[in-house]
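This report describes the architecture of a multi-chain model and the contacts between its parts. The sequence and the structure are shown first.

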Amino acid sequence: MSVHPNKASQPHAELAQQFNKDEDRVNWHDETLWWIRQKRDKAAWSVPEWEWLRQTASDIKAHVLSNMHDLLTQFEAQALANGASVHWAADAAEHNAIVHRILQENKVQQIVKSKSMLTEECGLNEYLHEHGIDVVDTDLGERIVQLAGETPSHIVLPCIHWKKEEIGELFHQHLHTPKGNADPQYLTGAARIHLREKFLTRNVAITGVNFAIAETGEVVVCTNEGNADMGTHLADVHIACMGIEKLIPQRQHLGVFTRLLARSATGQPITTYTSHFRKPAPGRQLHIVLVDNGRSRQLGREAFRNSLKCIRCGACMNTCPVYRRSGGHSYKYAISGPIGSILAPNLDMRKHADLPFASTLCGSCTNVCPVKIDIHEQLYQWRQELYKEGLAPKGKAVSMKMAGWLLGKPALYRLAGKAARTVLRLSPFVVKNSLNPWYKQREMPAPPKQSFSEWYAKNKKA
Amino acid sequence: MSSRSKILAQVKANQPATVALPDLELPAHAAQWDALQKFVETLSGIGGRVIRILPGEDATATILQAFDDNSNILNVSATVQGFQALPDAAFEEPAMLQNVDIALMDAAFGVAENGAVWVMEAQYKLRALPFICQHLAVLLPLQSLLPNMHAAYQQVQAMGQYDFGVFIAGPSKTADIEQSLVLGAHGPKTMTVFLLP
Amino acid sequence: MRVALFVPCYVDQFYPQVAIATMQVLEKLGCTVEFPPNQTCCGQPMANSGFEDQQAGCNRVIVDAFRGYDYIVGPSGSCVLHIKQHLNHEDETTAAQIRSRVYEFTEFLTDVLKVKTIDARFPHRVGLHQSCHGQRGLHLSQMSELVAEPFSKPEQLLHMVEGLQLARLDRKDECCGFGGTFCVFEESVSAKMGKDRVADHERQGVEVITGADMSCLMHLEGILKRQQSPIKVMHIAEILNGA
């Protein structure tokens, strides 16, 4: 729990190893997320045309990626005509500066913010804090991690790694709830009172965007708690921050995406609120910040382009056997899990070189993805890319070159195999020690006296 | 070069050859439901409450009966008369609605597959109302029920433009603490849909 | 029907009995089985680590060994999938031929030989481990994530074995955590995944864990042995070969 995801520098494997020191907690984390995966399965099976929906959503997004330039300009024109202001940010720094400037223009120092993975990606909270702005995250899970000085460990379930007793203690310290009260109903009630006061008094509300419609210039925000609506409708200024890939061409396409999003995320038939912001309310402001931050670059990488189809449902995290057993913070990036592992290297290949290896390539992520991103295949492709860029782990490079060389020489390979088996049989201590990661929790396979090739040569060759 | 031109130029340079939009026609094996049954079942399943108003029944009386404490009902519906009206001052200062106990409004239509109703600001007048009230009550004509979200967005299109519109499916909720479902996160703690004949 | 036996490197070195069983089952079913001697590895360990170009030697060896056979059959879904997806060679005609003729053992039995009965007896409670590359890559069985008709080629075969009782797992197709080099580079998660898989089989009271991929079974065996568990692992070919 002490890991600050943005500050950790150890590789995923090491952070995962730390996470695994408390096995009961790993079991609890794994089972909680698996339960959500099961709810997702049940929701998907309630829609016989599920696979058609996934394909259609994927195809709509493929169109968006191929037509992004025109859709962006169409969206901008419509949004302006609706009375919104549109801002363009090339990177995270510019995004943060734009938001800050809007706050300065409105002379506001205290704001509320509903969940936005984009602002997490851009480090907005930290930036605004440094500039003396008080940001209150209003999604309950995000508020919990914010009070604890952390960042979310999951894009949909920000505090999935926290136990209710720990939240009870945190609320006792910060919201003065009675010590020892860990009842979710009670704690949620306390947060409701605490955050209602913020909603009622703060004049600027930031939200993320789930979908932006080019045809109409509107943005759509989905929440269960109603925090995006409570924030924006009670404020004078709404700042909606979105990655440029959030576009969809027409309103009717929402029919496809709203059927997939919540079912994939939590197994709900739809989020409680699906709010369509077209025009600012009379006398109020709506700012839309369009952020690139590496997206246009990813658009040009053919093997990785499809990652921009992501609608941030988190299904790939819930199903990922590695994520469930290593925790979101081990990925050290705002978007963790399988999808994060293909998005992060685009932003900084060196920093995130470990992530594409944090997978068994089992492929479950690809199958649950509502927009059919070939996630595990992109993980494989990133590995090739990292090697080409000279960013593959060092030890690996040498051993893989030697293995490649040896395996290209059958006679030598047979000799080496025989030697290795002999060593295993006669001097098992050579591999049975703590320096061999296999042996730490697993026995070595018992080496047979003869290989199949040897057996075949003796018994079958006529 | 402005960021706008820079982004647009790079997008244009990097986007692949145009891919056509897919056909949105539902396949033959798509789900078919009894809309009323599915709507009631789904909305109840996500914490909402459905009350049917039968032909000839006094809607006002049914609404009053539905709530233990019915002294503070703010009504912006055009379907039923009476109750309290929206104060003009709320347009300037929506936060003053924080003490509204029950807000009563018309919904344009409901969606069977997920229990959602579509409400538009133009119908209920003040954007914050369905979120800030403690309890939300919605009047919905039975014949307005649509099977799924595809039909829902066709209907949205047919109804003309809105400034703000929202699908609401049940009371506000959260499961952020150990996945325990709690109704009444920041918005209404309950949602009641009155189905009109 | 001339069938070449593809024996992945680790099966050759550590599990010769699996290759023998594979060969014997195929022979019982009427195939003429040959083992081209000069084979090593499909190249997957290098490629999955990002070193696709280091598998050129393996590709050369594979093309030389398997040229001209009607079918190539191997007892490991993962290695077979790798050849199907990634075998590259300047002699593209032969490489393409090999890619299309290489089969995993169970799919060869159900899809090519169209086996309806098997003369085998195995009076034990058995758990089937669905290996990911076989399942999600080769489509040996339906994947639990998809809204699609269930089927399973390995189960279909196991149901033909007299006396065999197949257990139902809590998580029927969760990855075991082997993952090639993942098993050493992400040791803690890999081992935990393996322990959790083993625990599922234990809860169902199985005596034997079987599967169509020996690499996953090697990993699970390592964990079972460390826990001094009485549960054994056996490749599905060994069960189908048992009369």
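## Strand pairing and chain contacts

Strand β9 (residues 273–277) of chain A runs antiparallel to β7(B), and five bridges join the two strands. Within this pairing, A:F277 stands opposite B:F164 in β7(B). The model is a predicted one, and the values in this report are computed from it.

### The contact between chains A and B

Two pairs of chains touch, and the pair formed by chains A and B has the most contacts. Chain B and chain C, by contrast, are joined by no contact, and their closest C-alpha atoms lie 12 Å apart.

The contact between chains A and B takes 73 residues from chain A and 66 residues from chain B. On the side of chain B that touches chain A, at least two residues each come from α1 (3–14), α6 (129–132), α7 (149–158), β7 (164–168) and β8 (173–174) of chain B. Which element gives the most to this side of chain B? That element is α1(B), with nine residues. By class, the side of chain B that touches chain A comprises 34 nonpolar, 23 polar and nine charged residues.

### Chain A: overall form

The secondary structure of chain A consists of 22 helices and ten strands. Its C-alpha trace spans about 90 × 55 × 45 Å along the principal axes. Why does the radius of gyration of chain A agree with that of a compact globule? A compact globule of 462 residues would have a radius of gyration near 23 Å, and chain A has 25 Å, so the two agree. Of the 462 residues in chain A, 59% are buried. Among contacts in chain A between residues at least 6 apart in sequence, 72% join residues at least 24 apart.

### Chain A: the six-stranded sheet

Chain A contains an open sheet of six strands with parallel pairing, in the order β1-β10-β7-β4-β2-β3. Its edge strands are β1 (85–89) and β3 (134–137) of chain A, each of which pairs on one side only. From one strand to the next, the twist averages 25 degrees.

Inside this sheet, strand β2 (residues 110–113) of chain A runs parallel to strand β4 (residues 204–207) of chain A, and three bridges join them. One residue position in this pairing is A:I111, which stands opposite A:V204 in β4(A). Helix α5 (residues 92–105) of chain A lies across β1, β2, β4, β7 (237–243) and β10 (285–291) of chain A. The angle between helix α5 of chain A and β10(A) is about 170 degrees.

### Chain C: two domains

Chain C is divided into domain 1 (2–112) and domain 2 (125–240). The centres of the two domains of chain C, taken over C-alpha atoms, are separated by 21 Å.

How values were computed: Residues numbered from 1 in each chain as written. Chains lettered and ligands numbered in written order. Predicted model: local features only at pLDDT ≥ 70, side-chain atom pairs only at ≥ 80, totals over all residues. Pairing = 2+ DSSP bridges. Helix = DSSP H or I, 4+ residues; strand = E, 2+ residues; numbered from the N terminus. Axes fitted to C-alpha atoms, helices over the stretch in contact; angles between N-to-C directions. Contact = placed C-beta atoms within 7 Å. Rg over C-alpha atoms; globule rule 2.2 N^0.38 Å. Buried ≥ 20, exposed ≤ 12 C-beta atoms within 10 Å, placed from the backbone. Domains from an automatic or database assignment. Nonpolar A, V, L, I, M, F, W, Y, C, P; charged D, E, K, R; others polar.
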